[in-house]
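Colleague: Could you walk me through this one slowly? I am still learning how to read these.
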Amino acid sequence: MGGSRSRPVPGPLPAPPAGQTPLLHPAAAFLIPEPARMGPPRPSPGRGGQGLSMPPLLLALLLLLLAPSPGHTTQVVYKVLEEQPPNTLIGSLAADYGLPDVGHLYKLEVGAPYLRVDGKTGDIFTTETSIDREGLRECQNQFPGEPCILEFEVSITDLVQNGSPRLLEGQIEVQDINDNTPNFASPVITLTIPENTNIGSLFSIPVASDRDAGPNGVASYELQAGPEAHDLFGLQVAEDQDGKQPQLIVMGNLDRERQDSYDLTIKVQDGGNPPRASSALLRVTVMDTNDNAPKFERPSYEAELSENSPIGHSVIQVKANDSDQGANAEIDYMFHQAPEVVRRLLRLDRNTGLITVQGPVDREDLSTLRFSVLAKDRGTNPKSARAQVVVTVKDMNDNAPTIEIRGIGLVTHQDGMANISEDVSEETAVALVQVSDRDEGENAAVTCVVAGDVPFQLRQASETGSDSKKKYFLQTTSPLDYEKVKDYTIEIVAVDSGNPPLSSTNSLKVQVVDINDNAPVFTQSVTEVSFLENNKPGEVVAEVTASDADSGSNAELVYSLEPEPAAKGLFTISPETGEIRVKTSLDREQRENYELKVVAADRGSPSLQGTATVLINVLDYNDNDPKFMLSGYNFSVMENMPALSPVGMVTVIDGDKGENARIQLTVEQDNGDFVIQNGTGTILSSLSFDREQQSTYTFQLKAVDGGVPPRSAYVGVTINVLDENDNAPFITAPSNTSHRLLTPQTRLGETVSQVTAEDIDSGVNAELTYSIAGGNPYGLFQIGSHSGAITLEKEIERRHHGLHRLVVKVSDRGKPPRYGTALVHLYVNETLTNRTLLENLLGHSLDTPLDIDIAGDPEYERSKQRGNILFGVVAGVVAVALLIALAVLVRYCRQREAKSGYQAGKKETKDLYAPKPSSKASKGNKSKGKKSKSPKPVKPVEDEDEAGLQKSLKFNLMSDAPGDSPRIHLPLNYPPGSPDLGRHYRSNSPLPSIQLQPQSPSASKKHQVVQDLPPANTFVGTGDTTSTGSEQYSDYSYRTNPPKYPSKQKLIEEKEFGCRHLKGQ
């Protein structure tokens, strides 16, 4: 069926058994009781297969004579598969059997909890309780082939005419589905077979059981054997009264000494779709010879057993014989595949085969006991035989009739009482009485009557019932009058026909119900109450009272509420007492007034009602905390605001009323920085803000209402101080006294320095821009406006050598902007050997105003121009004298030309350190020149302008060893403004000029002395009077302008000194 609607079984029905009325025309079939209705009524075939034919006039007369009488029953049968889901349609009484579907009430009387019936259409559905065929009590202990029947009863009441109901008795044949798997009793089955068993011998295998029935039951067996047993054993399935019996066939000779056991697999499968199967291990044990098997005297035994027989009562004795001798002839008897109920009720003596009673036997529970007995000898290789035993339980009159009284149609019973209105008509059914007896035969033939003088009687409701089960309508015989008799107690007596007879009684109390003709009236039409909010749910708000002049149920009032929409679901009223309770806690802030309409209705039919109004005023309770409009406040103010300036405003509300809503504001953790005005909620500051000292202030505001007890709330307030541009940028790198060496080989675009700065302001006030404000006249450098990185933008030329002081301006973007100044010193040179000179230049830079550029060597161009002019003027004047002097020197000193000494550059017009001419010194030199190889150094005489420099430099001529040339020791520290040593140094040697040669013994040492000087300030001269000296000098304030050339007198003196020196050698 699979959840689809079950339909009545189609096709013609078989001819009814003898004694039962055959099916007629559909209209007649609806009226005439029949054993089962298996589908829509149709003509049934008569004897010989011909349909029953009637003239139309005779048929109409028959229908008139068989007019339906009140309470007549019709039986129907449906078929449905078990385990159908809930709400599966089994059948429709109205559609399938032509029953009315308008103005009638269908009510399920019997069939719960498996069935439910639609009250209007008579459709029968399954319920949440699944119909399990194997679990139904009615289908237990059934023999194979018996249908599983679930009975039901449905009453049909005409709601228009309010007549006596009709009763439909029906059956549902629960058909089996394959929902159970066949199983063997044990997962391991053991068979013992003698070793000399003849080929073709059969040995019974215990059958498998399947709770399903019919084709879904056990269908086939299959034997699965390994290679060693494949040719020795086979399987044969025999059919007997117990079903399919699997048997093991011996197909080969067994040799116990060769193999004493074999493990086979036996599989059982049912016939369902899809089939279910299981298997068990069949273990065959080969035993020694036992020639003869036991044999029962009869293949089957039958016996009768009276129910309620005492314990130990003999039922029957089975007997088997064995032709063997000794232990092979001794027989043991045992139950074989006997149901559990058989083993519980009966006992089988193992030695004698006597079956006795060991438990209470009740025919009403089990009328037949069917089982098998197995006789097995005690031989080494035991043999067995089986016999069928059927025990029929005889009935004893041990059950008194049972009387069941239940409501029918619209009449319901409660606690054994039925309520009937006094205006009902005669022959109105007030109950359905079912009388049954669990016995059988005469013991179950029951007679049922109403005892006493009451206006009620029994009328048979169904003609299809048996003697042991009858149904009656209990109906009125005369009109009822409530004012005379308000209630009746009806006693029903049932007696069976047993010997001695047994009887039973049951009673029903019928309450006559008064006609309802008075409406309820309230004591007050309007009731006004005051109720405090925040109540506990379930508290009583008010109580109203009404009365009814009727009696009985017509005076039993039921109170209900019809509240306005706003009060719906908030209040409840006791239906019995009129006590109004509130279901939830009321909140005055949501609503202050409620209006309820109270209805009092009696239990009459039809019901009458009265109304009243209840007004509820909700009083305020301090149940609301003050509430700030925001969960947290953030205000932003500018720094440097004057004290007591407003910084923000908060808003707080309270849902309460009156004093409960009067709020006081305070600052929590008050340190005096802030105050708040209660009237406006304005926050004032007691201080002037400085963002650089503190940028954020956090505190809490507390709001307290005036309730008792007071309630409070807190909110966090954050004051963010906004920045003003009141701080100039601060240079963090480089320092004004630092410097960096920049070689001429520096590539274009290379970063030569990095300026970094900070501004403790924030936002645009801390956004910095970098620019070069001074010290970059050649446009040699460029700075990133945002990065502060200084890069080389032009190639370095000779004139760029020296110290460059860049004035870098760092500005913020405030309004007005603020700025800071950084000095970036870049020293352009090949090396950084002369650190003292650089320190002097840095000191000079720090003392020089920023509007004066310090960039490279400013004397370079001036020196170049001045040198050219002087050279042109002086060259013409001294050309002749110089040529004469040179000619004389060449003639007399040719041999000494190769030893020309160090000579300073010729930029200056006079040597700062030329030795002072002295006659004594000259004479001394002459005389001593003959005796000593190295002349004694002569103390130099300085000009007046150069006295300070000569003292500060403190030149000394020292001899490292006898015979060595004098060495020049220069001071390590130079005072500010000291001239370039390369320009102003001149040897103290009496020789006018010394030329170092590689082959000279002392050349290396003398050359080493020159190398010890700073490379940038040291020159090895060859007499070039146009040498400009160091290109790195950058002193702007202390440079002197000495004469470029020595005087003529000095040249003559030097010439004479050189000649004397040569002659001395």
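Modeller: What follows goes through the cysteines and then one of the sheets. Please keep in mind that this is a predicted model.

Colleague: How many disulfides does a search of the whole structure find?

Modeller: The search finds one disulfide, and C139 and C148 form it, with their sulfur atoms 1.6 Å apart.

Colleague: Is that disulfide right-handed or left-handed, and why?

Modeller: The torsion about the S-S bond of C139 and C148 is about 85°, so the disulfide is right-handed.

Colleague: And those two cysteines, buried or exposed?

Modeller: The cut-off for buried is under 20% relative accessible area. C139 counts as buried because its relative accessibility is 10%, and C148 is buried as well, with a relative accessible area of 1%.

Colleague: What about C448?

Modeller: With a relative accessible area of 10%, C448 is buried.

Colleague: Changing topic, what is the strand order in the open sheet of four strands?

Modeller: The order is 24-27-30-29, and the pairing is antiparallel. Strand 24, residues 402-406, and strand 29, residues 456-460, each have a single partner strand, so they stand at the edges and one side of each is left without a neighbour in the sheet. On average, neighbouring strands of this sheet are turned by 30° against each other, if direction is ignored.

Colleague: Over how many bridges do strand 29 and strand 30 pair?

Modeller: Strand 29 pairs with strand 30, which covers residues 469-476, over five bridges in the antiparallel sense.

Colleague: Which residue in strand 30 is the bridge partner of Q457?

Modeller: The bridge partner of Q457 there is Q475.

Terms used. Residues numbered from 1 in each chain as written. Predicted model: local features only at pLDDT ≥ 70, side-chain atom pairs only at ≥ 80, totals over all residues. Heavy atoms only, no water. Disulfide = S-S within 2.5 Å. Buried < 20%, exposed > 50% of the residue type's maximum accessible area, 1.4 Å probe, protein only. Pairing = 2+ DSSP bridges. Helix = DSSP H or I, 4+ residues; strand = E, 2+ residues; numbered from the N terminus. Axes fitted to C-alpha atoms, helices over the stretch in contact; angles between N-to-C directions.
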